[in-house]
Amino acid sequence: MATTKIDSIPKLTAKAQKVFNAYIRRRDSKDGYFTCISCGKTLPIDKMNAGHFAPTKGGSALRFDEFNVNGECEWSNCFDEFHLIGYRKGIIDKYGESVLIYLEQNARLVKKWTRTELNEIIEKYK
């Protein structure tokens, strides 16, 4: 009898993150360029990260939230310790203050993603 291999939660999470991040890059770019939500620079898409406003380490509930993840340049996302100041303003400009309040209020919520939820995210964003 053949058995079906079921992917682990960490493996599904990584796959969902990869698919979701690719969606964010498509959403936030045009003609091969994007504008960084944190610093405002317009750069080629190969310099773009899918940057989280509320980091996934502190709380996982917003990991796949479209408001929480935006096109951010590599420099701002990885090296600028003050990037959240510009990111905060970028969220207000892009979505409005109510979204910023929502993100800040939910930044520390922890969510245990299920296989079903992760598979749904993979299907939705691929």
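This is a predicted model: local features need pLDDT of at least 70, side-chain atom pairs count only at pLDDT 80 or more; totals for chains, interfaces and linings use all residues.
Student: How many helices and strands does the protein chain have?

Tutor: Helices here are DSSP runs of H or I with at least four residues, strands are runs of E with at least two, and both are numbered from the N terminus. The protein chain has 5 helices and 5 strands. Starting at the N terminus, the order is α-β-β-β-β-β-α-α-α-α. Along the principal axes, the C-alpha atoms fill a box of roughly 55 × 35 × 25 Å.

Student: And what share of the residues is buried?

Tutor: Buried means under 20% relative accessible area, exposed means over 50%, and partly exposed is in between, using a 1.4 Å probe and protein chains only. In this chain, 38% of the 126 residues are buried.

Student: How do I read a pair of packed helices?

Tutor: Two packed helices are described by the angle between their axes and the distance between the axes. The axes are lines fitted to C-alpha atoms, for helices over the stretch in contact, and angles run from 0 to 180 degrees between N-to-C directions. Take helix 1 (residues 9-27) and helix 5 (residues 115-125): their axes come within 9 Å and cross at roughly 25°.

Student: What do I call that arrangement?

Tutor: Under 35 degrees is roughly parallel, over 145 roughly antiparallel, 65 to 115 roughly perpendicular, and the rest oblique. Helix 1 and helix 5 are therefore roughly parallel to each other.

Student: Which residues of helix 1 and helix 5 meet?

Tutor: From helix 1, the set includes Leu-12, Ala-16, Val-19 and Phe-20, and from helix 5 it includes Leu-118, Ile-121 and Ile-122. Sorted by class, this contact has 10 nonpolar, 2 polar and 3 charged residues. For the classes, Ala, Val, Leu, Ile, Met, Phe, Trp, Tyr, Cys and Pro count as nonpolar, Asp, Glu, Lys and Arg as charged, and the others, Gly among them, as polar.

Student: At what angle do helix 3 and helix 4 pack?

Tutor: Helix 3 (residues 83-95) and helix 4 (residues 97-106) pack at about 130°, with axes 7 Å apart. That makes helix 3 and helix 4 oblique to each other. Arg-88, Ile-91, Ile-92 and Tyr-95 in helix 3 meet Glu-97, Val-99, Leu-100, Leu-103 and Glu-104 in helix 4. By class, there are 6 nonpolar, no polar and 3 charged residues in this contact.

Student: Now single residues. Is Phe-64 buried or exposed?

Tutor: Phe-64 is buried because its relative accessible area is 7%. Phe-64 sits in the loop between strand 4 and strand 5 (69-73). Not counting residues up to four places away in sequence, Phe-64 touches several residues, among them Ala-16, Phe-20, Trp-113, Leu-118 and Ile-121. Phe-64 and Leu-118 are 54 residues apart in sequence, yet their C-alpha atoms are 9.7 Å apart.

Student: Where is His-52, and what does its side chain do?

Tutor: His-52 is in strand 4 (residues 48-52), and at 16% relative accessibility His-52 counts as buried. A polar atom of the His-52 side chain lies 3.1 Å from the backbone oxygen of Arg-63. Leaving aside neighbours within four places in sequence, the contacts of His-52 include Gln-17, Leu-62 and Tyr-87.

Student: What about Gln-17 itself?

Tutor: Gln-17 lies in helix 1 and is buried, at 11% relative accessibility. With neighbours within four places set aside, Gln-17 is in contact with His-52, Arg-63 and Phe-64.

Key
Residues are numbered from 1 along each chain as its sequence is written. Side-chain values use heavy atoms; hydrogens and water are left out. Contact means heavy atoms within 4.5 Å. A polar contact is a pair of N or O atoms within 3.5 Å; within protein, one must be able to donate a hydrogen and the other to accept it, and residues adjacent in sequence count only if both atoms are side-chain atoms.
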